[in-house]
Amino acid sequence: MRSSSIAFGDRHYEGNYNRLAIAGDAEITNSDVKKVYCAGDLSISKSTIGNLKFAGDLEADSVTIGTIKGAGDASFSGLCKVDNCVMVGDLECDMLECEILQNGPRSERVNTTSTPTWEGVFKGETFENFKELALEGEIEFKNIILSAPLSTKTEISCDNFYLFSGLTFGSINAEHTFILASSNVHLDTVTGCTVEVKKEFKPGKEFKRIRKNGKYNNLCSDNGIASVDNIEADNIYLENTKSKYICGINVVIGDLCIVDRVEYQDTIEISHKAIVNEVVKT
Amino acid sequence: MLISKKELLQETNISYGQLYRWKREGLIPEEWFIKQPTFTGQETFFPKKKILRRIKKIQELKNQYSLEELARILAPEVSERNFTEQDLRIIEEVDLALIPCFFKSFGKNNFTYVELLVLIALSIFRKRHNLSIDDVEMLSKGIKDAINELKQVDYICLLLKSNGEYFLMLYPENTGVMTDERLKKISEINLNEISSSIKLKYRKSFHLDIEEEENELLFIEGGEEVLT
């Protein structure tokens with residue numbers, strides 16, 4: 001039979017528990033626990049945890065966790081799996097697999113003082129970014145949704161990429177890319193099947209189908225001009241975009257776009273409120 | 001010889017979406033996307049023969065396999081395929097006497113495709129230069145962290161010697177390497193060539209596929225490179 005424990009001070013746990021509430025440092029090994037609440041540093045190894053909330057630093061080794069909500073620095077070694085992981089703080093891992101991985105709290109009322117750094121290999125279904133993040137590892141996610149700047153040195157590759165904040169880095173390669181036009185967007189290259197840069201975001205069926213934590217209803221841009229040097233995709237729709245080179249199969253250049261050269265294969269539409277220097281049919 | 005992206009798309013009748021999807025899946029190596037300045041700005045070029053063969057192969061196989069499976073077949077260097085002890089015993093180029101030494105020095109008993117190529121290179125060096133098991137163990141320990149960085153096979157594995165001790169160096173193909181003259185160059189092996197021969201020889205055992213023309217392949221027999 002599972003027991004529960006409320007502890008003040010340092011503790012070590014091993015076995016099966018319903019609920020552990022700890023104010024102090026704790027070590028959990030070879031355990032199966034439904035819920036863990038910890039205010040203090042926590043070390044977990046070879047265990048399965050249903051729901052973990054902690055404020056302090058976390059060290060985890062070869063663990064499987066249902067949900068994590070953590071404020072503090074965390075380090076995951078070995079292969080760790082988490083269904084829904086929400087972190088505020090630095091993160092270091094060998095390989096962390098998550099269905100949903102979220103950086104920063106969704107609430108604007110929660111302030112964080114510095115930019116966290118994440119190192120390691122992060123894999124999974126959906127990555128959501130709500131606070132500025134320095135990524136020094138690799139992210140391999142099917143869906144990436146950025147509501148705050150992310151700095152990374154590598155090309156971002158995923159199925160669905162949504163950008164609702166400013167961003168300054170090299171390249172994105174995604175099946176579908178949506179960028180909310182903003183003067184804080186400066187990208188080198190965006191490639192894929194569909195690329196959209198728009199002033200407004202209304203979540204469509206595909207977006208609604210993505211498993212995620214955040215709510216993204218009808219977002220509007222700051223009416224600035226996004227700068228994307230090169231865009232290559234089958235279907236391209238642009239508003240408020242400055243670009244050097246665009247090539248695609250079906251291209252729509254909407255209002256307030258400034259483009260040096262467009263190459264299209266099948267169809268092109270250019271708004272009378274756009275400036276396009278050169279149009280070439282290939 | 002290079003082919004521009006525009007020409008490639010026209011010749012193979014594929015779309016931008018397909019090309020970049022295959023890049024994401026690792027079916028087309030990132031290194032094949034070569035950016036060069038042109039009068040319109042910058043354009044992407046590819047090694048013509050390699051990319052045309054690869055796309056033909058993808059088009060032939062894409063209805064039979066998922067993209068993930070195709071990546072494992074066409075580009076094992078980027079797939080997550082691991083080679084176990086059982087696999088190593090099937091591969092004749094791996095010196096059986098070295099297997100326990102590899103497990104010990106790498107601290108694991110399964111290896112990625114790129115690691116496998118280095119194990120074969122070490123086996124060949126041992127045969128060619130009568131290296132002891134201790135020598136190979138030291139070389140394996142010395143190189144294991146560097147191999148983690150390798151995501152492709154276009155590398156040369158160079159064996160060096162100084163004061164009776166052996167050292168390994170890995171450097172990209174098509175670049176020269178200059179070493180301290182106190183380090184004597186003993187022998188070198190092209191990992192790409194090992195990869196080509198492995199893909200061909202064990203294509204059935206490991207579902208690996210080949211793209212190179214057979215008469216261009218180098219086989220490694222008895223530690224000697226032989227052009228077939």
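Counting over all chains, the rule comes to 20 salt bridges, and the model behind that count is a predicted one. Of these, 5 salt bridges lie across the interface of chain A and chain B.

**A salt bridge inside chain A**

- Asp83(A) and Arg211(A) bring their side chains together in a salt bridge, at 3.0 Å from N to O.
- As a general point, side chains of opposite charge can pair when their charged atoms come close.

**Where chain A meets chain B**

- The contact takes in 22 residues of chain A and 12 residues of chain B.
- Between them the two chains bury about 1500 Å², and carbon and sulfur atoms carry 41% of it.
- On the chain A side, the residues that lose the most area to chain B are Asn173(A), Glu175(A) and Glu232(A), which together make up 27% of what that side buries.
- Glu175(A) turns up again in a salt bridge: its side chain meets that of Arg21(B) at 2.6 Å, N to O.
- For polar contacts, the count between chain A and chain B is 12 residue pairs, with both residues at pLDDT 80 or more.
- Which elements of chain A give two or more residues to the side that touches chain B? They are strands E14 (156–163), E15 (167–180), E16 (185–198), E19 (226–238), E20 (241–253) and E21 (258–270) of chain A.
- By residue type, the side of chain A that touches chain B splits into 7 nonpolar, 7 polar and 8 charged.

**The E5-E4-E6 sheet of chain B**

- Here you have an open sheet of 3 strands in chain B, ordered E5-E4-E6 and paired antiparallel.
- Strands E5 (165–172) and E6 (184–190) of chain B are at the edges and have a single partner strand each, so one side of each goes without a neighbour in the sheet.
- On average, neighbouring strands of this sheet are turned by 25° against each other, ignoring direction.
- Strand E4 (residues 155–162) of chain B pairs with E6(B) over 6 bridges, in the antiparallel sense.
- Looking at one position, Cys157(B) has Ile189(B) of E6(B) standing opposite.
- Helix H7 (residues 113–129) of chain B packs on this sheet and touches E4, E5 and E6 of chain B; the direction of H7 makes about 135° with that of E6(B).
- Helix H8 (residues 133–148) of chain B packs on the sheet too, touching E4 and E5 of chain B, and the direction of H8 makes about 30° with that of E5(B).

**The E1-E3-E2 sheet of chain B**

- Another open sheet of 3 strands in chain B has the order E1-E3-E2, with antiparallel pairing.
- Its edge strands are E1 (2–4) and E2 (34–38) of chain B, each pairing on one side only.
- From one strand to the next, the twist averages 45°.
- E1(B) and strand E3 (residues 41–47) of chain B run antiparallel and are joined by 3 bridges.
- Within this sheet, Ser4(B) stands opposite Phe45(B) in E3(B).
- Helix H3 (residues 48–61) of chain B lies across E1 and E3 of chain B, at about 70° to E3(B).

**Positive phi in two loops**

- Most residues other than glycine have a negative phi.
- Asn218(A) has a positive phi, near 40°, and its place is in the loop between H1 and E18 of chain A.
- Where in chain B is Asn130(B) found? Asn130(B) is in the loop between H7 and H8 of chain B, and its phi is also positive, near 50°.

Note on methods: Residues are numbered from 1 along each chain as its sequence is written. Chains are lettered from A and ligands numbered from 1 in the order in which they are written. Side-chain values use heavy atoms; hydrogens and water are left out. Two strands pair if DSSP finds at least two bridges between them. Helices (H or I, at least four residues) and strands (E, at least two) are DSSP runs, numbered from the N terminus. Axes are lines fitted to C-alpha atoms, for helices over the stretch in contact, and angles run from 0 to 180 degrees between N-to-C directions. Contact means heavy atoms within 4.5 Å. Buried area is the accessible area (1.4 Å probe) that two parts lose on being put together, summed over both. A salt bridge is a side-chain nitrogen of Lys or Arg within 4 Å of a carboxyl oxygen of Asp or Glu. A polar contact is a pair of N or O atoms within 3.5 Å; within protein, one must be able to donate a hydrogen and the other to accept it, and residues adjacent in sequence count only if both atoms are side-chain atoms. Ala, Val, Leu, Ile, Met, Phe, Trp, Tyr, Cys and Pro count as nonpolar, Asp, Glu, Lys and Arg as charged, and the others, Gly among them, as polar.
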